[in-house]
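User: Hi, I have a two-chain model open and would like to go through it slowly. Could you help me read it?
Analyst: Gladly; let us bring it up and begin with one term that we will need.

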Amino acid sequence: MAKTAISAHQLVKWFGEGDARTNAVKAASFEANFGEIFYLVGPSGSGKTTLLSMISGILKPDLGSVTIDNTAIWTLNNDELANFRLNRIGFVFQDYHLFPRLTTVENVAIPLILKQRDWDESIQEALRYLEIVGLKDRAQLPPFKLSGGEQQRVAIARAIVSQPDILIFDEPTASLDGDTGKKIMSFIKDEILNENRCVLVVTHDSRIFEYADKIMKMEDGAVTAIENKSEVK
Amino acid sequence: MKGILKIAFKLLVNDKGKFAALLMGITFAVFLMVMMTSIFSGVLRSASSVVINIGAKIWVMDPAVTTVANSIPMPDFVQDAVRSINGVKFAVPLYSGSATLRLANGAYQSVSILGLDDTSLLGRPELLEGNITDIFAENGFLVIKDSEINKLNNPHIGTTFELNEHRGVIVGIAKVAANGLFGMPTLYTTYNRAIQYIPSARFTTSYVLVEPKSVELVQHIKDEVKKMGYVAVTNEEFRENISTYYKYKTGLGTNILIMTLISFIVGLSISGQTFYTFILENLDKFGALKAIGAKSRELIIMIVFQAGFTALTGYGLGVGLCTLMIGLAKMRLPNYASVVTFGNLGIAFIMVLIIAIFSSLIGVRKVLKIEPFDVFRG
């Protein structure tokens with residue numbers, strides 16, 4: 001039986017005050033296991049980004065709890081939570097958020113440098129991960145000289161360089177054409193995912209649903225369905 | 001921590017346009033601040049040049065004297081009375097005044113004239129040419145070799161001139177530590193010749209120069225002189241009084257202060273605005289760093305390092321530029337009144353630190369306010 005990577009229980013989040021108060025996430029619960037790709041899907045405004053933020057330890061829920069590999073993350077203080085994210089969670093943001101003034105390899109090395117690793121050692125390690133994503137020859141270029149798909153792969157290399165067991169992708173194919181999006185997801189499934197890693201993907205791109213093991217659908221802040229595609233397969 | 005600072009450094013210097021703008025702003029501000037205060041220091045030093053050059057330990061004068069150039073003659077008995085004060089080793093008169101010379105070519109030229117005590121020649125300048133005893137020769141004068149000497153048609157030993165229908169002869173060429181403020185050549189002669197050649201009022205002693213027997217007796221001498229209705233000040237106090245006069249009783253100090261403040265505000269505005277834009281442009285990246293796991297204090301360190309590095313580099317460039325400009329100016333104008341002092345550098349350094357702190361604060365405030373959640377929301 002697969003080990004539980006993420007367990008979210010009755011997560012609730014409100015935004016705003018008074019008449020403008022909105023219930024962004026309504027008692028969302030789910031479990032994602034190691035070795036699977038878990039999709040959060042839904043239309044814009046359905047609360048999936050808010051839910052993703054609460055799961056990844058960057059937005060505190062008003063109610064409910066998040067447990068990642070037996071650690072209740074919202075019981076940690078700010079520094080502990082930052083360390084937890086640094087060591088256990090890898091992020092690939094929708095806009096990548098790569099530093100244009102650093103080289104590609106320096107961008108990839110950032111999590112290692114934040115972990116106080118030696119600069120040269122971090123760069124060497126980052127080069128190894130750039131090789132994994134097939135961009136070693138682009139190591140010394142600034143990110144803005146790369147194509148969208150290449151920037152996506154740099155962001156993936158940055159997310160996995162510190163070997164996190166949870167990987168979070170926010171709309172990974174939003175800025176990519178259909179073919180490149182599929183290639184990226186195929187790469188994630190074949191090269192990044194392993195039995196000790198859980199990949200959480202927020203998307204509304206139905207073209208890549210085929211790569212999911214589980215798909216959780218959200219609408220108006222509520223979980224409407226969870227499909228276990230690996231069981232279907 | 002070194003790695004984080006290296007990232008901060010690369011983010012800063014690789015943004016060449018902004019880094020250049022930041023450096024230019026701070027360099028320009030430091031240049032102006034140091035230049036303004038250096039000119040002021042130079043003017044103050046020149047204003048006190050006679051006090052510096054004569055070097056007497058205590059100066060006795062009329063209480064109304066504000067600057068060394070505006071002496072108020074005292075009666076001769078003041079010198080005798082001062083000599084009789086317990087604790088005075090010796091006391092000698094000094095004449096300080098100005099006159100108009102008629103040069104050999106018929107041209108007229110204003111000069112400063114200092115008349116030294118005939119017996120001791122206390123405060124005599126260092127001779128470059130000639131013999132000091134020649135000052136006692138008939139019509140003997142020493143001329144100071146400074147940037148103004150050319151106004152006397154490059155005089156040499158033996159050059160003659162006319163002073164109030166008296167013949168004058170240059171018997172020596174000397175140098176002094178500080179040049180005067182008013183752009184006039186300076187002549188030294190004996191006290192008695194000075195008061196004989198230069199028309200004066202009833203009283204002739206500009207200052208009485210005093211050597212105390214010991215430092216402990218200085219206050220006693222001051223008290224005794226005060227009882228006589230005059231004032232005795234030490235060399236340092238006299239220079240400080242002159243400095244205070246120029247700072248607070250003329251428009252000079254206020255104008256320099258205003259210019260220095262304007263330079264500071266210009267530097268603060270340029271660097272603050274540019275640094276703020278730099279932070280704004282990288283705000284989403286800082287948010288991403290926070291999401292990845294950077295702690296707030298690490299981001300603060302990055303920003304403070306960036307602001308501090310820029311400020312210190314700009315400070316160095318500004319001081320260097322200022323020194324270069326003063327050096328170039330002094331090559332053309334040897335008497336150019338500008339002195340870079342540790343005090344000036346300290347003031348500029350404090351102002352640069354304020355600029356760095358201000359720039360850091362606005363950057364830190366912005367970065368601490370961003371939530372990693374905003375990065376997900378775009």
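Analyst: A residue is called buried if 20 or more other C-beta atoms lie within 10 Å of its own, exposed if 12 or fewer do, and partly exposed in between. With 14 C-beta neighbours inside 10 Å, A:A27 therefore counts as partly exposed. Please keep in mind throughout that this is a predicted model.

User: OK, and where is A:A27?
Analyst: A:A27 belongs to strand β2 of chain A, which covers residues 22-33. Its phi is near 45 degrees, a positive value in a residue other than glycine.

User: Is A:N70 buried or exposed?
Analyst: A:N70 is exposed, because 8 other C-beta atoms are found within 10 Å, and the limit for being exposed is 12 or fewer.

User: Let's zoom out to chain A. How many helices and strands are there?
Analyst: Chain A has seven helices and ten strands. Its radius of gyration is 18 Å, close to the 17 Å that the globule rule gives for 233 residues, so chain A is as compact as a globular protein of that length. Its C-alpha atoms fill a box of roughly 50 × 40 × 40 Å along the principal axes, and 48% of the 233 residues count as buried.

User: What about contacts inside chain A, how far along the sequence do they reach?
Analyst: If we take the contacts between residues at least 6 apart in sequence, 71% of them join residues at least 24 apart.

User: And where is confidence lowest in chain A?
Analyst: Confidence is lowest in helix α7 (residues 229-232) of chain A, with a mean pLDDT of 59, and it is highest in helix α3 (residues 104-114), at 95. Chain A as a whole averages a pLDDT of 89, and 98% of the residues score at least 70. Where pLDDT is low, the predicted coordinates should not be read in detail.

User: Now A:W119, please. Which helix holds it?
Analyst: A:W119 is in helix α4 of chain A, residues 119-132. A:W119 counts as partly exposed, because it has 16 C-beta neighbours inside 10 Å.

User: What does A:W119 touch?
Analyst: Leaving out residues up to four places away in sequence, A:W119 touches A:I113 in its own chain, and also B:K2, B:G3 and B:K6 across in chain B. A:E106, for its part, is 13 residues from A:W119 in sequence, with 9.3 Å between their C-alpha atoms.

User: How many residues make up the contact between the chains?
Analyst: The contact takes 26 residues from chain A and 23 residues from chain B. On the chain B side, the elements that give two or more residues are α1 (2-13), α9 (283-292) and α12 (372-377), and the largest share, seven residues, comes from α1(B). Sorted by class, that side has eleven nonpolar, eight charged and four polar residues.

User: Back to α4(A). Which of its residues are buried?
Analyst: The buried residues of α4(A) are A:S122, A:E125, A:A126, A:Y129 and A:L130. Viewed down the helix axis, they fall within an arc of 150 degrees, so they line one face of the helix. On the other side of α4(A), A:D120 and A:R128 are exposed.

User: What do the buried ones pack against?
Analyst: They pack against α3 and α5 (148-160) of chain A, together with α1 of chain B.

User: How far apart are the ends of α4(A)?
Analyst: Its end C-alpha atoms are 20 Å apart, which agrees with the 20 Å that 14 residues should span at 1.5 Å a residue. After α4(A) comes A:G134, which has a positive phi near 75 degrees.

Note on methods. Residues numbered from 1 in each chain as written. Chains lettered and ligands numbered in written order. Predicted model: local features only at pLDDT ≥ 70, side-chain atom pairs only at ≥ 80, totals over all residues. Helix = DSSP H or I, 4+ residues; strand = E, 2+ residues; numbered from the N terminus. Contact = placed C-beta atoms within 7 Å. Nonpolar A, V, L, I, M, F, W, Y, C, P; charged D, E, K, R; others polar. pLDDT = per-residue confidence, 0-100. Expected span 1.5 Å × (residues − 1). Arc of directions from axis to C-beta. Rg over C-alpha atoms; globule rule 2.2 N^0.38 Å.
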